[in-house]
Amino acid sequence: EFRYRAVLPYHVRCADMMPYIPPELTDHIISMVDDRATQCVCALICRSWLHASRHRLLRKIDISTAEAYDLLVSRVLHSDTLRPYLQSTELLSLHHEKGRDQEANRNLNIASRLFLCAFAGHLHRLPILTLADLSWTNHLPHARDPLLFSSFTSVTRLCLWGCVFPSFHFMRRAISSLPKLIDLACFEITWSDRHARHQSID
């Protein structure tokens, strides 16, 4: 008796034997990935991995150039699809990239103020905010500028590294406007002497 038996390619047989992995497990695995490049690859693997990958990608946001800020605004903040994932952000860092010229640093200083305005109300669960090597003295500060910090109502830890403020009063108002602040770390903070002479440190 003649019997016909189809011989399938190896990759087809492997695909048929591949076990089903529950999405809860793949989501948990993706949530443990720290490498940025791997997170991006995970987002491109399949549709079922996309949701967890986006949450992981936006868990930590690092802005070191004005260009990076512009990309974050255009691709995430202005996207109805990606903007909700900002609720996953647990750490946001604004700082100068080493080796950049003075003009690039000035552009980031401007972007840092725009950030406080643009992202107000979009980071409801952000607990940690880090600002490093930024200056608020490149433009004439408005009296309400320190109150821009008050829109980040979930921030409990604020780190200030090498920042320059227009005055001590400006810095004090900015810090005091964070309603849930518990932990404050300040390193090498300065303010402009021409403004500081007229400020009280009480």
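Author: Buried means under 20% relative accessible area, exposed means over 50%, and partly exposed lies in between (1.4 Å probe, protein chains only). This is a predicted model: local features need pLDDT of at least 70, side-chain atom pairs count only at pLDDT 80 or more, and totals for chains, interfaces and linings use all residues. Residues are numbered from 1 along each chain as its sequence is written, and side-chain values use heavy atoms, without hydrogens and water.

Reader: Why is Phe 170 called buried?

Author: Its relative accessibility is 6%. The limit for buried is under 20%, so Phe 170 counts as buried.

Reader: What makes Trp 161 partly exposed?

Author: Trp 161 has 43% relative accessibility.

Reader: Why is the pair of Trp 161 and Phe 187 called stacked?

Author: Rings of Phe, Tyr and Trp (its six-membered ring) pair if their centres lie within 6.5 Å; planes under 30 degrees apart are stacked, over 60 edge-to-face, the rest tilted. Trp 161 and Phe 187 lie 4.1 Å centre to centre, with 25 degrees between the planes. Therefore they pair, and the pair is stacked.

Reader: What makes the pair of Phe 165 and Phe 170 tilted?

Author: The angle between their planes is 40 degrees, and the centres are 6.1 Å apart.
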